[in-house]
Amino acid sequence: MPEIDLIVVAALLGYTMIVVYPIRPSFGAILAGFFIGIAILIKPHGIALLVATIVAIIFISYFKLVDGKWRTLKSVVFLLLSCYFTLICIWRLCSHEWSIDPSVALGLKFYGNYLKSPVPTITLSTKILIAIRYAVAHILVIGLVFCPVFVWMYSILEIKFKNVNRSYSVIFNAECVAAIFLLAMTLSHIAMVAWFTAGAVTVNAGEIGRLHGRYLGAAISFFHFCIFSE
């Protein structure tokens, strides 16, 4: 299943962001972009990985785990360029189609009609309210199941937030980066699933009330390691 492939790619991305990026930001950003490009080719849900990584890079800089706003900006640029070129090159090599169609997203056709929305039957504000309801439902379920992980993330980030300018051991800094990345992954995936589900319920009554845990696998698969490591 593509969800399994996405979990494997997300694991490689997580290793890159937690271990490689704090030491070598530019190389880490390029490598992260490579994995995200592959993830987007697997499923459009890979966009959640892109959003999470950008948010993580920004907050890693805020907590001064990687110094310099210019370095942060450069990392984001490298990330986006690497992601786009990976996506373009792999798609063209596999399809042997090197022409770009400006009428579709990124000039690529590999998603076909997947991303085309059906005829809207609800207003945007109604869809947003539905998406918020599904987001809250996912948060409650994940929070109950993985409560120890969220307590761990909160404790790590609280300490660092109160002492932004204070230097810590390499181990603590690695845990802080991990907490930032995992929290960003969780929230971005929940937002993605909630928005997709809000759209699905408008055309399929069978989607009403469903919680799509398999689409969160790329984010919550890390949680098990956090629990056992503690």
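The model is predicted, so to speak, with local features needing pLDDT of at least 70 and side-chain atom pairs counting only at pLDDT 80 or more, while totals for chains, interfaces and linings use all residues. Residues are numbered from 1 along each chain as its sequence is written, and side-chain values use heavy atoms, with hydrogens and water left out.

Mean pLDDT (the predictor's confidence in each residue, from 0 to 100) comes to 83 for the protein, and 84% of the residues score at least 70.

A cavity here is a set of points on a 1 Å grid over the protein atoms alone where a 1.4 Å probe fits but cannot get out, and lining residues have an atom within 4 Å of a point. The largest cavity holds about 50 Å³, a volume being the space filled by probe spheres set on the points, which are joined across faces, edges and corners. Its lining includes Glu3, Leu6, Ile7, Lys43 and His45. Helices H1 (2-20) and H8 (217-220) each supply at least two lining residues, with H1 giving the largest share, 3.

Lys64 sits in the loop between helix H3 (46-62) and helix H4 (69-95). Its phi is positive, near 60 degrees.

Key. 1 Å grid on protein atoms, 1.4 Å probe; cavity = no way out; pocket = protein on both sides within 12 Å on 5 of 7 lines; lining within 4 Å. Helix = DSSP H or I, 4+ residues; strand = E, 2+ residues; numbered from the N terminus.
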